[in-house]
Amino acid sequence: MAAVVAVVTIPELRSELAGEGTDGTLTVSSCETHTKTHYGTHRRSTELKFSCTGSWTAQDGDPTYEDVAVATSSRFETGAKIPVVQVDDTFETPQDRDPGKDAAILAFCLSLAAFGIYCLLTGFGARNGPGLSASWQRLPARTVTGPVLGGLFVVGALAALVCGLVL
């Protein structure tokens with residue numbers, strides 16, 4: 001599962017890190033507010049999302065598109081100009097192209113892969129299988145594979161935290 005998620009995430013991360021896309025400006029013609037209500041066990045929360053529509057023009061002035069819809073973090077007045085990046089057939093604000101979340105996903109996949117290999121090697125997590133300490137004793141070549149798998153797990157988890165919170 002971690003490999004599938006990583007394969008899906010890597011092209012987007014490469015695109016974000018390479019700075020691919022065409023920079024341009026969206027001239028807002030209208031903005032809509034969408035609400036999404038989340039129901040929890042003890043409380044209810046409402047999430048506000050904004051979608052602005054308008055005409056998009058590339059910085060070099062070459063391509064122009066009408067009726068472009070972009071998800072934004074706030075509501076903009078009609079006529080406002082906001083920076084928008086065109087990537088393939090989609091339009092995004094530069095903040096949405098932040099590589100930190102994708103890098104965090106990849107780092108978390110590393111931790112999941114290390115934990116999955118540990119489970120496969122020891123039988124940990126199987127029905128009526130050994131507990132954590134008993135499965136650690138069953139780890140083949142424990143002096144080598146233990147630190148390698150543990151190190152991969154810790155590095156992946158720490159990198160995911162750093163990428164998710166700092167970048």
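# Chat: a helix pair and a sheet

User: How do α2 and α4 pack, and at what angle?

Analyst: This is a predicted model. In it, helix α2 (residues 100-122) packs with helix α4 (residues 142-165) at an angle of about 160 degrees. Their axes are 7 Å apart.

User: Roughly parallel or roughly antiparallel?

Analyst: Angles over 145 degrees count as roughly antiparallel, so α2 and α4 are roughly antiparallel to each other.

User: Left-handed or right-handed crossing?

Analyst: The crossing of α2 and α4 is left-handed.

User: Which residues make the contact?

Analyst: On α2, they include G100, A103, A104, A107 and F108. Among those on α4 are L149, L152, F153, G156 and A157.

User: And by class, how many are nonpolar, polar or charged?

Analyst: The contact of α2 with α4 has 17 nonpolar residues and four polar ones. No charged residues take part.

User: Switching to the strands. What order do they take in the sheet?

Analyst: The sheet is open and has five strands. The order is β3-β2-β1-β4-β5, with antiparallel pairing.

User: Which strands stand at the edges?

Analyst: Those are β3 (64-72) and β5 (90-92). Each has a single partner strand, so one side of each has no neighbour in the sheet.

User: How many degrees are neighbouring strands turned against each other?

Analyst: On average, 40 degrees, direction ignored.

User: How many bridges pair β1 and β2?

Analyst: There are 15. Strand β1 covers residues 22-39 and strand β2 covers residues 44-58, and they pair in the antiparallel sense.

User: What joins them?

Analyst: A hairpin takes the chain from β1 to β2 through four residues.

User: Which residues in β2 are opposite T35 and K36?

Analyst: T35 has L48 as its bridge partner. K36 stands opposite E47.

User: Where do side chains point along a strand?

Analyst: In a regular strand, side chains alternate between the two faces of the sheet.

User: OK, next pair. How many bridges do β2 and β3 have?

Analyst: Seven bridges, in the antiparallel sense. One of the pairs is T53 with A69 of β3.

User: How many residues lie between the strands in that hairpin?

Analyst: The hairpin of β2 and β3 has five residues between its strands. In it, G61 takes a positive phi near 80 degrees.

User: Where is Q59?

Analyst: Q59 sits in the loop between β2 and β3.

User: Buried or exposed?

Analyst: Exposed. Q59 has 65% relative accessibility, and the cut-off for exposed is over 50%.

User: What is Q59 in contact with?

Analyst: Leaving aside its neighbours within four places in sequence, Q59 is in contact with D23 and G24.

User: And what separation is there between Q59 and G150?

Analyst: Their C-alpha atoms are separated by 48 Å. Along the chain, Q59 and G150 are 91 residues apart.

User: Back to phi. What value does D67 have?

Analyst: D67 has a positive phi of about 55 degrees, although it is not a glycine. D67 is in strand β3. At 66% relative accessibility, D67 counts as exposed.

User: What about phi of N128?

Analyst: Phi of N128 is near 60 degrees, also a positive value in a residue other than glycine.

User: Where does N128 sit, and is N128 buried or exposed?

Analyst: N128 is in the loop between α2 and α3 (132-137). N128 counts as exposed, at 79% relative accessibility.

Notes
Residues numbered from 1 in each chain as written. Predicted model: local features only at pLDDT ≥ 70, side-chain atom pairs only at ≥ 80, totals over all residues. Heavy atoms only, no water. Pairing = 2+ DSSP bridges. Helix = DSSP H or I, 4+ residues; strand = E, 2+ residues; numbered from the N terminus. Axes fitted to C-alpha atoms, helices over the stretch in contact; angles between N-to-C directions. Buried < 20%, exposed > 50% of the residue type's maximum accessible area, 1.4 Å probe, protein only. Contact = heavy atoms within 4.5 Å. Parallel < 35°, antiparallel > 145°, perpendicular 65-115°, else oblique. Left-handed = near helix turned anticlockwise from the far one by under 90°. Nonpolar A, V, L, I, M, F, W, Y, C, P; charged D, E, K, R; others polar.
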